[in-house]
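Colleague: I would like a close look at a single part of this protein, taken slowly and with the cut-offs spelled out. Here is the model I have in mind.

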Amino acid sequence: MFRYFGLLFLASCHSSPLYKHTSEDDNTVDSQDLITVNDIFISVKTSGKFHQSRLSPILDTWFTLAPSSTWIFSDTSDPDVTRRTEGHLIKTECPSDHSRTSLCCKMEAELTTFLTSDRSWFCHLDDDNYLNVPALVKMLSSYSHKEEWYLGKASISAPLEMLDRSMLPEERKVSFLFGTGGAGFCLSRPLVERMGELVNNFAMTGDTIRLPDDVTVGYIAEVLMGVPLTQVETLHSHLEPLRRVDRDMLGEQITLSYSTYEDGEKNHVSLKGINLAIDPTTFYNIHCELFPEVAKKCDLFSKS
């Protein structure tokens with residue numbers, strides 16, 4: 001059933017909307033609230049050193065379902081990526097390391113670029129995320145893009161507590177949740193627009209509170225804007241035990257990831273026949289499982 005839905009999704013990219021936009025309390029449909037993938041600004045953060053190992057599997061798989069809605073933010077120019085994304089590679093002026101400054105710099109570039117578009121939703125992903133595009137469209141369709149929403153999944157069990165240094169010399173204790181960037185998160189346009197100068201000075205805010213990009217988003221949304229994180233359980237990061245996601249659950253998940261534990265054990269979704277030697281990200285196997293009608297060379301990426 002989900003495979004059939006995937007084919008319908010491909011057609012919807014160029015024709016009618018796939019989903020009708022409804023609120024949780026009202027099932028009536030406003031024709032102005034119809035949503036397609038073209039209403040979403042999908043942002044992928046990466047670095048030049050990962051263009052081949054991480055970005056290439058993305059471009060081969062889920063990117064093909066949303067090429068005109070996905071932008072790649074990197075610290076390195078890459079003619080091949082520019083060609084494959086048809087100009088959707090954005091070279092930032094950010095450092096190439098994994099420091100707080102670099103992460104917040106890229107997030108600032110992502111958000112400011114989103115505001116120059118006419119998209120209704122901003123969705124951030126890391127370069128180790130597989131995105132189930134139809135599932136994302138379906139999820140966002142249950143929230144009004146005309147309202148302020150902060151959608152994500154916390155990686156901590158209790159709100160983060162910290163001293164707010166943004167109001168110096170007075171410091172106040174604040175607590176908030178944040179959607180971990182490793183699972184992906186989405187912000188509605190009204191929320192990002194109300195952030196205003198905080199978007200243009202995002203990196204400065206991150207430096208002030210001394211926290212990385214995804215935590216800074218949570219701080220701005222929950223503490224400064226008063227918009228709480230709405231948890232979406234079908235978002236997944238490399239921090240989770242991903243083996244709990246099996247074939248029967250796959251179609252309903254929005255984001256997936258992979259990692260290696262300290263003892264060398266691989267952490268990935270539970271699918272039979274994965275050949276990690278040729279598919280270390282598992283993205284080809286996931287894509288072939290979800291979209292066999294459009295995925296290419298699936299027989300090459302699984303064990304016989």
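Which residues form one aromatic cluster with Phe41?

Modeller: This is a predicted model, in which local features need pLDDT of at least 70 and side-chain atom pairs count only at pLDDT 80 or more, while totals for chains, interfaces and linings use all residues. Residues are numbered from 1 along each chain as its sequence is written, and side-chain values use heavy atoms, with hydrogens and water left out.

The cluster that contains Phe41 is made up of Phe41, Trp71, Phe73, Phe114 and Phe122. For such pairing, the ring centres of Phe, Tyr or Trp (for Trp, its six-membered ring) must lie within 6.5 Å, and planes under 30 degrees apart count as stacked, over 60 as edge-to-face and the rest as tilted. By this rule, a search of the whole structure gives ten aromatic pairs. In the pair of Phe41 and Phe122, the ring centres are 6.2 Å apart and the planes stand at 25 degrees, so this pair is stacked. Because Phe41 belongs to strand E1 (residues 40-45) and Phe122 to strand E4 (residues 121-126), the pair ties together parts that are 81 residues apart in sequence; helices (H or I, at least four residues) and strands (E, at least two) are DSSP runs, numbered from the N terminus. Phe41 and Phe122 are both buried, where buried means under 20% relative accessible area, exposed over 50% and partly exposed in between, with a 1.4 Å probe and protein chains only.

Another member of the cluster, Phe114, has a charged neighbour, since the charged end of Arg189 sits over the ring of Phe114 at 4.9 Å from its centre; for this, NZ of Lys or CZ of Arg must be within 6 Å of the ring centre and within 35 degrees of the ring normal. A further case is Arg54, whose charged end sits over the ring of Phe50, 3.8 Å from the centre of that ring.

For an edge-to-face arrangement, one can turn to Tyr130 and Phe283, which are 5.7 Å apart centre to centre with 65 degrees between the planes. This pair links distant parts of the chain, with Tyr130 in strand E5 (residues 130-131) and Phe283 in helix H10 (residues 283-290), 153 residues apart. Both Tyr130 and Phe283 are buried. As for the setting, the protein chain has ten helices and 13 strands, and 53% of its 304 residues count as buried.
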